Amino acid sequence: MLLSNVNLLFISMPGGSEWLLIVLAVLVLFGGRKIPEFMRGIGRGIREFNDAKNNVKKEIEDGINEKDTKQPSSTQAH
C-alpha cells in the first residue's frame, strides 16, 4: 500500500514552483528569440500528426465501404 502511494507522488503534475523552474530552464536553454520558432515547430508537428491520423482513418473507412459495396450477392442467377 505504501509503495503505491510513493509511485503516485512521482507521476503527479508539477506544481507552481516546478512550472516556474521549467519555464526558466526553457528560457535559459533556448533564449527569448528561439521560443516562438520552437512553438511553431511543435504546432507544425502536431498538425502533421493529426493530418496523418485523419488520412489513416479515412483510408480505413474507405476500405471498409469499398469492401461492403464489392461483396457479391448470393442471390444472383448464373
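# A chat about a bent helix

Reader: How far does helix H2 span between its end C-alpha atoms?
Author: Helix H2, residues 16-70, spans only 58 Å there, while a straight helix of 55 residues would span 81 Å at 1.5 Å a residue. The expected span is 1.5 Å times one less than the number of residues. This is a predicted model, where local features need pLDDT of at least 70 and side-chain atom pairs count only at pLDDT 80 or more, while totals for chains, interfaces and linings use all residues. Residues are numbered from 1 along each chain as its sequence is written, and side-chain values use heavy atoms, leaving out hydrogens and water.

Reader: Okay, where does H2 bend?
Author: At Gly 31, by about 95 degrees. That bend is the angle between axes fitted to the seven residues ending there and the seven starting there.

Reader: How many helices and strands does the chain have?
Author: There are 2 helices and 0 strands. Both kinds are DSSP runs numbered from the N terminus: helices are H or I with at least four residues, strands are E with at least two.

Reader: What share of the chain is buried?
Author: 0% of the 78 residues. Buried means under 20% relative accessible area, exposed means over 50%, and partly exposed is in between (1.4 Å probe, protein chains only).

Reader: Which rings make the aromatic pair?
Author: The search of the whole structure turns up 1 aromatic pair. The rings are those of Phe 30 and Phe 38, with centres 4.8 Å apart and planes at 20 degrees, so they count as stacked. Rings of Phe, Tyr and Trp (its six-membered ring) pair if their centres lie within 6.5 Å; planes under 30 degrees apart are stacked, over 60 edge-to-face, and the rest tilted.

Reader: Is Phe 30 buried or partly exposed?
Author: Phe 30 is partly exposed, at 35% relative accessibility. Phe 38 is partly exposed too, at 35%.

Reader: Switching topic, which residue forms a salt bridge with Asp 62?
Author: Lys 58 does, with the closest N and O atoms 3.0 Å apart. A salt bridge here is a side-chain nitrogen of Lys or Arg within 4 Å of a carboxyl oxygen of Asp or Glu, and the count comes to 1.

Reader: Where do Asp 62 and Lys 58 lie?
Author: Both are in helix H2, 4 residues apart, about one turn of the helix.
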